[in-house]
Amino acid sequence: MRVYVAGAEGFLGARAVEALRAAGHELCALPAAAEAVAVLADARAGSLEEASRLLVAGTARLLDGLASGVKRIVVAAAADAYGEGPAECVACGHVRPENRHVDAGAPWDPRCPRCEGALQPVAVREEERFQVATPLAALRISREELVRSFGRLRGIETVSLRFPCLYGAGATDGVFASIVSELRAGRAPILTEDGLQTRDFLDVRDAARAVCVALGHPRAAGQVFNAGTGKFTRVLDLARLVAASLGVPGDFRPSGRLRPGDARHIALEPRMFQYATGWRPAIGLAAGVEEALGREKAPAAP
Ligand SMILES: [Zn+2]
């Protein structure tokens with residue numbers, strides 16, 4: 001299949017290109033020649049206009065330039081659109097805490113919106129409503145809807161892949177990358193809140209394989225999938241894994257502050273994707289982190 005990857009130079013895009021080549025697909029330089037398209041470009045937090053240009057205007061331009069031979073479009077979406085994830089309350093059952101206020105402080109864990117009781121987080125499923133906390137999440141949703149509506153109108157199959165936090169060799173953005181760069185610089189990373197907030201960390205190679213599956217699997221057509229692990233990992237535990245892999249002391253400082261828009265607990269339940277296509281994460285976090293860092297040890301202190 002001839003595939004065009006939008007965002008091929010990015011963290012996920014570069015790995016997706018490798019995975020597609022390894023699977024025998026032909027990569028094309030222009031969307032007009034493609035039979036299938038993967039929209040993987042991502043924007044960093046920063047200027048909204050720039051993010052909008054990349055995520056929305058860039059995708060609109062791509063869609064305008066597609067040839068009639070395109071059969072399928074895969075679009076990367078983001079977990080941040082879900083906001084605060086769902087949870088179980090012993091008394092009330094399944095509940096959905098609201099996104100936290102930007103001024104929120106300790107105690108950090110959301111309480112049950114009905115009875116104020118303690119909550120056990122559960123992995124979010126695709127049918128949960130969005131609780132958009134950031135403009136960037138809103139732009140990613142716009143892109144996802146742009147692709148899906150375009151596909152419906154033109155009779156092109158679409159697949160949405162909602163990814164959690166990606167990590168791996170070459171990561172330049174996000175929790176993993178910032179912890180790695182601080183530790184490599186000999187500094188103790190500052191973790192927001194108390195460091196016990198949880199995220200779903202997916203190896204970028206598993207994410208790239210998810211893109212391949214979504215492009216080619218007949219049962220993926222028209223679907224929205226969570227491509228996550230469904231597992232909650234405390235940010236502090238990720239930081240400890242990174243420190244252990246680098247062979248440096250695991251000193252971390254909690255900032256005691258909330259990064260506005262952050263959920264306390266979020267993990268993506270991948271069962272639907274797995275059921276439809278057989279995809280599941282193959283790389284465990286400890287092994288993935290170890291491989292990503294290439295067993296590199298920090299240089300000795302002068
Ligand atoms: Zn309750």
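Predicted model: local features only at pLDDT ≥ 70, side-chain atom pairs only at ≥ 80, totals over all residues.
Residues are numbered from 1 along each chain as its sequence is written.

View 1. Six strands form an open sheet with parallel pairing in the order β2-β1-β3-β4-β8-β13; strands (E, at least two residues) and helices (H or I, at least four) are DSSP runs numbered from the N terminus, and two strands pair if DSSP finds at least two bridges between them. The edge strands are β2 (26–27) and β13 (224–226), each of which pairs on one side only. Helix α1 (residues 11–22) packs on this sheet, touching β1 (2–6), β2, β3 and β4, and its direction makes about 170° with that of β1. Helix α5 (residues 204–216) also packs on the sheet, where it touches β1, β3, β4 and β8 (157–163), its direction making about 165° with that of β8. Contact here requires C-beta atoms, placed from the backbone, within 7 Å; axes are lines fitted to C-alpha atoms, for helices over the stretch in contact, with angles from 0 to 180 degrees between N-to-C directions.

**View 2. Strand β3 between its neighbours.** Four bridges join β1 to β3 in parallel, and four bridges likewise join β3 (residues 36–39) to β4 (residues 72–78), again in parallel. Val-37 of β3 is the bridge partner of Tyr-4 and stands opposite Ile-73 in β4, while Ala-38 has Val-74 in β4 as its bridge partner. From β3 the chain crosses through α2 to β4 in a right-handed β-α-β crossover, meaning that, with the strands pointing away from the viewer, the path from the first strand over the helix to the second runs clockwise. Both faces of β3 are covered, with Ala-36 and Ala-38 buried on one side and Val-37 and Val-39 buried on the other; a residue is buried if 20 or more other C-beta atoms lie within 10 Å of its own, exposed if 12 or fewer, and partly exposed in between, the C-beta atoms being placed from the backbone.

**View 3. Helix α3 and its buried residues.** The buried residues of α3 (135–154), including Leu-136, Leu-139, Arg-143 and Val-147, pack against β3, α2 (48–64), β4 and β8. Just after α3, Gly-155 takes a positive phi of about 70°.

View 4. Three strands form an open sheet in the order β6-β5-β7 with antiparallel pairing, and its edge strands, β6 (93–95) and β7 (119–121), each pair on one side only. Three bridges join β5 (residues 87–89) to β7, and Ala-87 stands opposite Pro-121 in β7.

**View 5. Glu-193 in the loop between β10 and β11.** Glu-193 lies between β10 (190–191) and β11 (198–199) and has a positive phi of about 55° although it is not a glycine. Glu-193 is buried, with 22 other C-beta atoms within 10 Å.

Key:
Contact = placed C-beta atoms within 7 Å. Expected span 1.5 Å × (residues − 1).
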